[in-house]
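Dear colleague,

I am handing over the structure below, and my notes on what was found in it follow directly after. Please read them with the model open beside you.

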Amino acid sequence: MKGPMKSILFFLFLYSNCVFSQLHRDTTYALKKDSSLLTIANTTVAKIDSSLAASQIKVKSYHSIINDLLSSNKFINVKDAPFYFIAEKKQFAGKEFVFYILCTVVLILAIFKTFYKSYFDNLFRVFFNTSLRQTQLTDQLLQAKLPSFILNIFFTISAGIFLWLLFTYYHPPQLINTKLLLLFCILGIGVLYFVKYCTLKFFGWLSTMQQTVDSYIFIIFLVNKISGIVLVPFLIILAFSLPLWIHYITTVAIFIIILFFLSRYIKTYGVLNNKLPLNAFHFLIYIIATEIIPILILYKVTIDYLI
């Protein structure tokens, strides 16, 4: 029994030595590994601290440079106390009202040309034609009462808008609303020609020259109809053009209107001179008294009491 016990004890001793040696080696390796990891971590932390310190130095230098630049700039006042302005809400004033008015005018003209195309074409033929067919076309125009009345209303609207635009650009209204001024311009032109029509009819009935007066009235309103149609593109350009071009557009439009009025007076003088003896000087005085002076009076009243 002593021999086996000795061998068992010997093996136990060897096993314990092996176990303790293995534990010692593992512990030593773990300690070395931990120490190396600790060294790496310390190195990394040191690098991070140095980079942070360098970045802080750079940030401080950047801010100092910016502050020096702002303080030395004479156009940027950073030393005095700040002040502020109260922002007011911007009031937008567009041209929507003029846009819709002109769209209505163009729509009326388009509808009229669609439904009364023959009258529309004959109107320009009579105005520019000097052949023998002019008498027949004139009779056709005289028989069309409704298209003639519509175009007379159209001339009143077109001329009123043109006069309103002139007041808006050259004499901006201060005592009256802009929309109310437009209504006054349209009604003023309408009343002016209505009174003229009634006056001419009365004198024609009184002097028993009704046919001659009717021819004179026809020429007046013929030129008015053509003028109302020709004014439409000028209204659009004048309403939406640049302020630099307003004077030139107005000059061209007024020049064309003067040409139409001169053609009206020439046609009228030719008609009246064929049917009754008429002196050119007396006709000129009549034109000044019935055409120019009422317009000047209306303009003066509008400037003094309405604008």
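The accessible surface of the chain comes to about 21900 Å², and carbon and sulfur atoms account for 72% of that area. Please keep in mind throughout that this is a predicted model.

As to the overall build, the chain holds nine helices and zero strands, so that a reading from the N terminus gives α-α-α-α-α-α-α-α-α. Of the contacts in the chain with a separation of 6 or more, 73% are between residues 24 or more positions apart, and 27% of the 307 residues are buried.

The largest nonpolar core has 55 residues, and those with the most contacts inside it are Leu 123, Ile 161, Phe 162 and Trp 164. At least two residues of this core come from each of helix 2 (96-115), helix 3 (117-128), helix 5 (145-170), helix 6 (178-206), helix 7, helix 8 and helix 9 (280-306), with helix 7 giving the most, namely 16 residues. Leaving aside residues up to four places away in sequence, Trp 164 touches Phe 97, Val 98, Thr 178, Leu 181, Leu 182 and Cys 185.

Ser 241 lies in the loop between helix 7 (210-240) and helix 8 (243-275), and Ser 241 counts as buried because its relative accessible area is 16%, where the cut-off is under 20%. Again not counting residues up to four places away in sequence, Ser 241 touches Ile 246 and Ile 249.

With best regards

Key
Residues numbered from 1 in each chain as written. Predicted model: local features only at pLDDT ≥ 70, side-chain atom pairs only at ≥ 80, totals over all residues. Heavy atoms only, no water. Helix = DSSP H or I, 4+ residues; strand = E, 2+ residues; numbered from the N terminus. Buried < 20%, exposed > 50% of the residue type's maximum accessible area, 1.4 Å probe, protein only. Contact = heavy atoms within 4.5 Å. Core = buried A, V, L, I, M, F, W, Y, C linked by side-chain atoms within 4.5 Å. Areas by Shrake-Rupley, 256 points an atom, 1.4 Å probe, with all protein chains shown as cover.
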